[in-house]
Amino acid sequence: MKRIWMKLALAFMAMGVGAVLITTWLAVKEMDEHFMMYANEVKSQHNEEISQVALASYRASQAWDQSAFLQLEAVSSVLGLHIALHDARGEKLGEWGQAPGAGREGEHATHAEHAERATETIPLYDGGRKIGQLVISHDDENAYMALEGHFQWAHKNTALWTMAVLLVIVVVLCIPLARTMVRPVVQVSAAAQKVAQGDLQVRVPVPERQDEIAALVVAFNNLVTSLHEQEELRKRLTADIAHELRTPLNTLLAQTEGMIDGIWEATPKHLESTRAEVLRLIRLVNDLDQVIQVEAGALPMRREQVNLRDVAEEVSEAMHVAFARNQIRFQLEGPKDAWMTGDRQRIAQVVANLLANACKHTPPDGTICVTIEKAGRDVKLQVRDNGAGIAPDDLPHVFARFYRGDRSRARERGGAGLGLTIAKGIVEAHGGQIALESSLGKGTTVTVRFPGGDEART
């Protein structure tokens with residue numbers, strides 16, 4: 001099986017050889033045509049000069065005399081032409097030079113035809129009166145064919161040598177050029193095989209030239225980098241979810257074994273602790289189910305008129321105890337009416353998730369501020385806190401499932417890393433957008449935009 005660089009080199013060679021052959025053929029053909037035009041022009045000039053010599057001799061003596069015959073004989077000898085002079089009645093007065101084809105017995109008949117085509121008749125006039133005519137035969141075999149043949153031979157020989165050199169250059173350059181062009185593709189292919197075997201550290205050097213192949217290499221490197229990040233995230237998420245499941249399960253196992261062994265009395269308080277662990281597992285399973293539905297686009301939604309301000313007030317009232325316990329100041333700002341179309345329960349879930357995250361990461365004496373405002377036809381909800389903030393490296397992943405920047409703190413606070421993933425899915429299911437901005441040590445701001453709806457009238 002031929003390699004791609006060999007196929008590319010052969011294609012380059014074929015195009016180069018074809019271009020050289022076509023160019024050489026066109027150059028030779030064009031040169032032949034121009035040389036023939038030049039030869040014909042020279043013949044025309046000679047004919048004109050001979051007729052002028054004949055006229056001048058006739059005018060000198062007003063008759064065709066020996067002086068005219070001598071001049072025409074000299075011209076015929078110098079130019080190697082056959083010249084015949086006829087009077088006005090067509091009678092031949094004289095003939096000089098060897099006739100075309102004379103002395104060439106046995107030659108092919110086409111030569112005589114060629115010589116006949118080279119014969120021209122030039123009428124001579126003096127003062128509007130015809131005084132005779134010249135019949136000039138250009139013996140191309142002697143006068144012009146030698147020059148033309150030599151010129152054409154030299155030109156074609158030069159063209160052939162030039163063509164040979166160009167062909168060698170094409171062959172010599174095509175092979176390394178093809179290998180250079182294909183090298184990144186070969187490297188990408190080899191790297192892809194390593195990636196398929198699990199090596200996500202491999203990278204392909206980016207070519208210096210900026211073309212489609214360089215773009216392919218950059219895209220491949222970005223893909224491998226993304227796969228590596230996703231693989232690292234998957235390992236991290238697997239460990240996180242295993243921890244989230246292991247903790248309540250171990251607690252339940254210990255409590256159940258304690259009851260069986262009689263060392264842990266089944267009092268209402270102890271049973272309530274067991275119930276709390278079960279509820280914790282149920283919440284985790286429910287969150288996982290919602291994440292799956294969100295990613296599949298199968299999350300059930302109702303369409304009704306919802307006042308976002310009322311939803312924010314209800315959720316914040318329900319979380320009043322959590323704010324008081326953590327000594328967090330809560331503020332709600334914005335107009336009384338901020339209507340939109342959507343699922344009231346799902347929207348309340350989004351607000352609850354955002355407030356719960358803000359509460360977890362805001363220190364005592366901190367502040368959480370919820371602002372609701374109209375932005376054109378949209379309704380905007382903004383949740384700001386002055387808590388710990390999020391590291392810049394973690395910001396691109398905050399909406400990924402199970403992702404937690406500080407895993408140890410997140411576990412202590414009971415988060416599974418699914419709240420923002422679910423919130424993002426619900427917002428997008430409503431045709432909205434969610435964005436997060438944060439500065440480490442200064443706090444976090446989450447902005448949600450919902451398409452506005454018709455305002456309800458009471």
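The side chains of Glu313 and Arg309 meet in a salt bridge with an N to O distance of 2.9 Å, a salt bridge being a side-chain nitrogen of Lys or Arg within 4 Å of a carboxyl oxygen of Asp or Glu. Both residues lie in helix H7 (residues 308-318), four residues apart, about one turn of the helix; helices (H or I, at least four residues) and strands (E, at least two) are DSSP runs, numbered from the N terminus. Arg309 is buried at 7% relative accessibility, whereas Glu313 is partly exposed at 30%, where buried means under 20% relative accessible area, exposed over 50%, and partly exposed in between (1.4 Å probe, protein chains only).

This is a predicted model, in which local features need pLDDT of at least 70 and side-chain atom pairs count only at pLDDT 80 or more, while totals for chains, interfaces and linings use all residues. Residues are numbered from 1 along each chain as its sequence is written, and side-chain values use heavy atoms, with hydrogens and water left out.

The structure holds 13 salt bridges. One of them joins Arg449 to Asp378, with the closest N and O atoms 3.4 Å apart; Arg449 lies in strand E11 (residues 443-451) and Asp378 in strand E9 (residues 378-385), so the pair ties together parts that are 71 residues apart in sequence.
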